[in-house]
Amino acid sequence: MSDTVNKFQLLGDLARFSRECFKRDKAARALAASLGLTDEHVSERFQVGFVNDSLLRAVPSKGPVREALREIGLLDASGKPACFGSLLVPVLDGHENVAGFVAIGKDGEKSFPPGLPLYGLARKAFAKNKVVFVENALRTLLASQAGLAAAPFGAELSEGEREFILRYRPVRAYFAADCPELLRMLQKLEVACYKTALTFPLGREGAISAIEASESIGDAMGPDTVVRVVEDGVKFDCAGRKYELREIAPNEADRLKVRLRAQGAASFHLDTLDLYAGRSRAAFARAAAALFGAPEAVVEGDLCQMIKKLEAMKAA
């Protein structure tokens, strides 16, 4: 990236510009409809843009901005848009800055810059306790349109994707794509994993039916976990890491609020948290990991086991 150009400002400006092009160009909406993307709320949520002649007219004919767009790949060697006539969807980084784009056209998809991990396209999906993993950006948009929290992941994980999953892994993972490395990682983290089949075009009823028909992949309960139900809650012994749990709001469908105590050899950590909330689990895991002298990922795996046990108890 050219030193005289602010990368994040340039990409942010480009995202806003292409979004306005999408709103104004009938060809953009026609392309979206032909791909099955018809919900304006989804287009707005993902800030779907469009690349047309306006981009060339808006970019200076020479100078650092045009050179920066060439480096990203959005302009080809001749200076023309490399994804002319395509939808353009921004991919965000951990600070909500635009890190790049994925272009979606009739002939497929392409990321800019090349090799850009696409999980940042759907970071907000991980605020839900159930995430459906699909193979590409378009399927992410279409599954979201059907009411699912969807995210695109491939066969292999980048280092950034691994770190992201460790921090924001879901309670339940539904695989509508072949993601073997992600599956192995989530199973090691004691996340309940399911195989699901999504048929496109996909409506809300079809999405619900697909999730209900999903098949479990393995057992998310660890073999070294001992569970005891006592009068005022549940006690867990996860390979020597001891917890005492009491559910606070048992009738809430979208929250699993508990008072949880992690008991160390000489001290303890006590907190009230929503086990369905990734940030709450991460905060508790940091404190309990220091108490146990264990990695945070191990403690988060313990919390996921607790969720599975509590859900099983409710269903019984």
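The following questions and answers concern a predicted model and the criteria behind its described features.

Local features require pLDDT of at least 70 and side-chain atom pairs pLDDT 80 or more, while totals for chains, interfaces and linings use all residues. Residues are numbered from 1 along each chain as its sequence is written, and side-chain values use heavy atoms, with hydrogens and water left out.

Q: What makes the 48 residues a nonpolar core?
A: A nonpolar core is a set of buried Ala, Val, Leu, Ile, Met, Phe, Trp, Tyr and Cys residues joined through side-chain atoms within 4.5 Å, where buried means under 20% relative accessible area with a 1.4 Å probe and protein chains only. The largest such set has 48 residues, and Leu87, Phe133, Phe153, Ile165, Phe175, Leu182 and Leu186 touch the most other members. Apart from it lies another core, of 24 residues, including Tyr243 and Leu275.

Q: Which residues does Ile165 touch?
A: Contact means heavy atoms within 4.5 Å. Leaving aside residues up to four places away in sequence, Ile165 touches Phe126, Phe153, Leu182, Met185, Leu186 and Leu189.

Q: Why are strand S10 and strand S14 said to stand at the edges?
A: Strands are DSSP runs (E, at least two residues), numbered from the N terminus, and two of them pair if DSSP finds at least two bridges between them. The open sheet has the order S10-S11-S12-S13-S14, with antiparallel pairing. S10 (225–230) and S14 (268–274) each have a single partner strand, so one side of each lacks a neighbour in the sheet.

Q: How do you know that S11 and S12 pair?
A: The criterion is at least two bridges; five bridges join S11 (residues 233–238) to S12 (residues 241–247). One of the bridge partners in S12 is Arg241, which faces Cys238.

Q: What is the pairing in the sheet S6-S5-S7-S8-S9?
A: The pairing of this open five-stranded sheet is mixed. Within it, S5 and S6 run parallel and are joined by three bridges, and Val132 has Ala150 in S6 as its bridge partner.

Methods
Buried means under 20% relative accessible area, exposed over 50%, partly exposed in between (1.4 Å probe, protein chains only). Helices (H or I, at least four residues) and strands (E, at least two) are DSSP runs, numbered from the N terminus.
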